[in-house]
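Q: I've got a model open on my screen and I'd like to learn how to read it. Could you walk me through it, feature by feature?

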Amino acid sequence: KDGEDLAANKPLFTIEKNWFAADVAQANALVKQREAELTLARQEFKRVEGLQQSKAISEQEFEQKKNAVAVAEAQKAAAEAAVSTAELNLRYTDIKSPIAGRAGQRRVDVGNIVKANETTLLTVQNLDKLYVDFTTSERNLNAIRRHMKESGDKQLKTYVSVPGDAGKPREGKLTFLDTAVQAGSGTIKLRAEIENADRQFWPQQFVNVRLVLETKRDAVLIPARAVQVGQQGQFVYVVSDGGKKTELRPIAPGQRQPGDQPGHDLIVTDSGVKAGELVIETGQQGVMPGMPVTIIPPAAPAGAPPAAPPADGKAAQGDAPAGTASAK
């Protein structure tokens, strides 16, 4: 049935066998004919073999009889090979699934004529393990190669997700780096492999892929929306004393990390902000250094308990930022 989950070697189609069975019978008959010819050739050679030393026959006739045996042997071997081919074709009339997977829509119905190596009967797709093909800019090539070398036998991790899906990204492993950069686009192709027994992903589906080169421990994360750009570079507003003090802090932003919700990405900062400090996420337009602000806690989902104030401590990469606030 279309869309059925198939086990390996499950019968799928049966092609009419009569023509192929006739070919097998004809090939077997030819083998018997060649055996008879070989037997006769050997008998004739045996009769003249003893006369060759006594010069009762010519050298030419002796060589002809000897060659006839070799020809008959070769013809028999060819006939036996033809039997093997005919039997193989007969076995292929029972078409089975070569792998375990999901059946697509069948391309033929009962009574259709099919041609070997031309007609596609059905596509079977293995969904339990998928390849994820993606590209990246050639600017990242050196970093990828360096981390691949440093990782040794351990393959680099990837995280694959469906755009707009709030589910947890699926972890995979990088299995392939192309041998050349694509000249037209300046990108290089990569391939990851992921487990998909739960059928979360589907072949040819568009996905987002994150390639993890390294894990930065005890990193401090701040909301990307909190980062402002001034004449001296990027900065954030840090709030202390319950909103009584506002300070402009230059930062050294690092890699961007996806947040728990779309549009709430986080940025690793190497300097400027300590774990546990509050930064202004929205409302920066009306803020000046040193002025007091009113802290508005993030809106909690319906039915959820009030959010607790941020605790001091280090924020590991991938955790929520130490504290954020909106200014009013």
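This is a predicted model: local features need pLDDT of at least 70, side-chain atom pairs count only at pLDDT 80 or more; totals for chains, interfaces and linings use all residues.

A: Here is a walk through the model, from the overall make-up down to single residues.

Q: How do I read a helix, say α2?
A: Check its length first: the expected span is 1.5 Å times one less than the number of residues. Helix α2 (residues 59-91) has 33 residues and spans 49 Å from first to last C-alpha, close to the expected 48 Å. Then look at which side chains are hidden: Phe62, Val69, Ala72, Ala79, Val83 and Ala86 are the buried residues of α2, and they pack against α1 (18-49).

Q: How do I describe two aromatic rings that sit together?
A: A pair of aromatic rings is described by the distance of the centres and the angle of the planes. Rings of Phe, Tyr and Trp (its six-membered ring) pair if their centres lie within 6.5 Å; planes under 30 degrees apart count as stacked, over 60 as edge-to-face and the rest as tilted. This structure has two such pairs. Phe45 and Phe62 make a tilted one, 5.5 Å centre to centre with 45° between the planes. Phe45 is in helix α1 and Phe62 in helix α2, so the pair ties together parts 17 residues apart in sequence. Both Phe45 and Phe62 are buried. The rings of Phe235 and Tyr237 also have centres 5.5 Å apart, but their planes stand at 85°, so that pair is edge-to-face. Phe235 and Tyr237 are buried too.

Q: Which charged end sits over the ring of Tyr131?
A: The test is that NZ of Lys or CZ of Arg is within 6 Å of the ring centre and within 35 degrees of the ring normal. Arg191 passes: its charged end is over the Tyr131 ring, 4.3 Å from the centre.

Q: Now the sheets. What is the strand order in the five-stranded one?
A: Two strands pair if DSSP finds at least two bridges between them. The order is β6-β9-β8-β7-β10, an open sheet with antiparallel pairing. β6 (129-137) and β10 (208-212) are the edges, each with a single partner strand, so one side of each has no neighbour in the sheet. The twist averages 35° from one strand to the next. Inside the sheet, β8 (170-177) and β9 (187-195) pair over five bridges, with Leu177 opposite Leu190. Helix α3 (141-151) packs on this sheet, touching β6, β8, β9 and β10, and its direction makes about 100° with that of β8. Axes are lines fitted to C-alpha atoms, for helices over the stretch in contact, and angles run from 0 to 180 degrees between N-to-C directions.

Q: What is the order in the three-stranded sheet?
A: It's β11-β16-β15, open and antiparallel. Four bridges join β11 to β16, and three join β15 to β16 (266-269). Ile267 of β16 stands opposite Ile222 and is also the bridge partner of Arg256. Along β11, Val220 and Ile222 point one way, Leu221 and Pro223 the other, and all are buried.

Q: Is Asp260 buried or exposed?
A: Its relative accessibility is 77%, so Asp260 counts as exposed. Asp260 is in the loop between β15 and β16. Its C-alpha is 7.9 Å from that of Ala166, 94 residues away in sequence.

How values were computed:
Residues are numbered from 1 along each chain as its sequence is written. Side-chain values use heavy atoms; hydrogens and water are left out. Helices (H or I, at least four residues) and strands (E, at least two) are DSSP runs, numbered from the N terminus. Buried means under 20% relative accessible area, exposed over 50%, partly exposed in between (1.4 Å probe, protein chains only). Contact means heavy atoms within 4.5 Å.
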